[in-house]
Amino acid sequence: MRTIIEHSREIPVVAEADVAVCGGGPGGFPAAIAAARHGAKTILIERYGFMGGLATAGLVAPILGHTAHESNIPIVEGILREVTERLHALGCAPSWEEALSEWGIRFDAEALKVVIDEMCQEAGVELLLHTLVTDVVKDGDSIAAVIVENKSGRQAVAGKVFVDATGDADVAYRAGAPTTHGRAFDSRNQAMGSFFHLAGFEPLDQRRVQELYKLIRHEMEKGRLHFYNKGFLNCNAYHTDHTSANMTRAGGDPTLVTDLVRAEISVRRNVWELVRYLRAEVPGFENCYVQQTSFQIGPRESRQIVGLYALTGDDIRNGAKFEDAIARGSWWIDIHCPLGNTYPVHLCVAECPEGADCPYWAAEHENMCSQRELFPPKGDWYDIPYRCLLSVAIPNLLSSGRCISATHEGMAGARVMGTCVAIGQAAGTAAALAVAEGVSPADINISQLRELIRKDGQLV
Ligand SMILES: Cc1cc2nc3c(=O)[nH]c(=O)nc-3n(C[C@H](O)[C@H](O)[C@H](O)COP(=O)(O)OP(=O)(O)OC[C@H]3O[C@@H](n4cnc5c(N)ncnc54)[C@H](O)[C@@H]3O)c2cc1C
């Protein structure tokens with residue numbers, strides 16, 4: 001077996017790939033599938049034993065960004081549509097046509113795991129699960145290999161093109177490429193959050209739901225319950241025998257382990273405060289239980305690459321179109337207050353009720369968006385330019401998902417899973433094209449890339 005020298009140590013090279021995709025979330029698995037379908041020898045490296053990223057490990061649902069703003073016109077199809085149709089065939093998502101009339105694609109996270117397994121295996125992607133990317137070995141400016149750790153030890157995966165789909169731009173960062181972090185003013189990122197599933201209570205009519213929401217809001221106002229919204233009965237996932245609520249939040253930096261630990265403990269505590277309260281004081285909830293909390297706290301934002309272009313809030317608001325468009329987004333500038341559990345503050349906007357009590361607001365309110373400036377035009381979308389995927393520093397690195405190049409405001413829209421899947425499909429196609437042509441990703445023919453993406457059913 002070939003070895004590679006890392007800090008004077010010999011590391012076994014366990015795979016020699018054309019395309020190595022790091023991270024198997026919404027930005028990663030479509031990249032691997034697309035690269036493999038286009039003939040590249042592709043490996044996907046994922047730290048967990050399953051893929052899906054926050055869609056599975058975070059229980060995040062529904063998949064947003066599949067239609068134009070406030071419209072049922074699709075803007076993302078391709079691999080996202082295939083995934084939805086396979087989930088539908090398993091009874092775990094609506095049909096594609098039904099999904100178009102909903103604000104997001106509801107789905108079952110367990111079924112998504114097996115759908116992604118099957119699609120990767122059918123495409124011929126080599127899977128290196130249970131494996132954390134920890135470092136890189138460079139050859140000049142390029143990445144020669146990523147260093148990984150798993151139960152078999154420390155290993156290297158060599159590749160021609162690397163796709164950083166770790167969400168946190170781990171590969172770019174380890175390679176010494178410039179990255180940004182959160183908002184420009186103080187580098188704070190959006191709050192982290194989690195989902196949980198509650199079960200063990202009888203179905204409720206709308207009147208009772210509204211009464212219960214009033215109760216919960218009252219307890220939040222009193223400071224007994226700690227959430228950023230009251231929606232504990234929301235069903236964001238597909239099955240309705242349990243809830244799927246997105247109401248916890250924790251401030252902190254998802255690239256600092258101390259903040260991750262604090263966030264995990266805090267959101268679990270908040271969920272159990274609710275369960276204890278419901279059991280003790282709300283008739284009908286005596287036997288309610290937490291079916292599951294998400295496997296990991298979810299970062300909404302962390303590091304992003306510095307690319308050849310950074311998507312901006314103005315691009316979102318104006319529905320910007322670009323000649324090198326490789327994906328479309330429609331989600332809005334949805335910035336969760338970085339401080340975390342700040343009820344009644346939800347979004348970081350000019351109208352924040354904290355006003356000058358918040359140092360960020362005091363310094364930046366003239367540059368902040370107001371509520372009415374957060375959205376793309378009705379029925380429209382914004383393009384994601386290919387340049388957002390290209391690192392300024394590493395010629396054989398593409399970024400995908402929520403670590404592409406964007407400002408804090410730009411990422412607040414582009415981060416949703418429908419958009420990440422579309423970006424991932426484009427990143428994988430570009431990587432395979434670069435390998436086939438023997439050029440770096442920045443030098444591929446963009447018209448040819450767009451043509452390939454279109455042929456594969458994607459809308460660009
Ligand atoms: C609380 C919350 C609510 C949200 N709500 C919605 C919503 O309703 N709808 C929506 O569409 N989007 C929502 N989002 C956003 C969306 O979930 C994410 O932006 C999206 O999942 C990003 O996809 P990704 O692939 O870039 O990153 P991730 O989903 O984070 O996936 C990254 C993958 O890389 C792996 N990985 C990371 N580092 C390494 C490493 N060093 N080595 C190996 N593997 C690694 C991870 O295990 C993971 O599988 C929400 C996010 C949060 C946190």
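Predicted model: local features only at pLDDT ≥ 70, side-chain atom pairs only at ≥ 80, totals over all residues.
The chain is assigned two domains. Domain 1 is made of two segments, 3–183 and 380–455. Domain 2 covers 196–293. The centres of domain 1 and domain 2, taken over C-alpha atoms, are separated by 31 Å. Ten residues of domain 1 and eight residues of domain 2 form the contact. On the side of domain 1 that touches domain 2, seven residues are nonpolar and three are charged. No polar residue occurs on that side.

The ligand is surrounded by 39 residues. The closest are Gly23, Gly25, Gly53, Gly298 and Gly401. By class, the shell divides into 17 nonpolar, 15 polar and seven charged residues. Strand β5 (132–139) and helix α11 each contribute at least two residues to this shell. The largest share comes from α11, with three residues.

Helix α11 also packs against another helix. The axes of α11 (residues 417–437) and α12 (residues 446–455) come within 10 Å. They cross at roughly 125°. The crossing of α11 and α12 is right-handed. On the α11 side, the contact is made by Gln425, Ala426, Thr429, Ala430 and Leu433. On the α12 side, Gln448, Leu449, Leu452 and Ile453 take part. Six residues of this contact are nonpolar and three are polar. None is charged.

The backbone has several features to note. Most residues other than glycine have a negative phi, and most peptide bonds are trans. Proline 62 sits in the loop between β3 (42–45) and α2 (78–89). Proline 344 belongs to the loop between β12 (325–329) and α9 (359–364). Serine 8 is not a glycine, yet has a positive phi of about 65°. Serine 8 is placed in the loop between β1 (3–6) and β2 (9–22).

Definitions and conventions
Residues numbered from 1 in each chain as written. Axes fitted to C-alpha atoms, helices over the stretch in contact; angles between N-to-C directions. Helix = DSSP H or I, 4+ residues; strand = E, 2+ residues; numbered from the N terminus. Left-handed = near helix turned anticlockwise from the far one by under 90°. Contact = placed C-beta atoms within 7 Å. Nonpolar A, V, L, I, M, F, W, Y, C, P; charged D, E, K, R; others polar. Domains from an automatic or database assignment. Near = placed C-beta within 6 Å.
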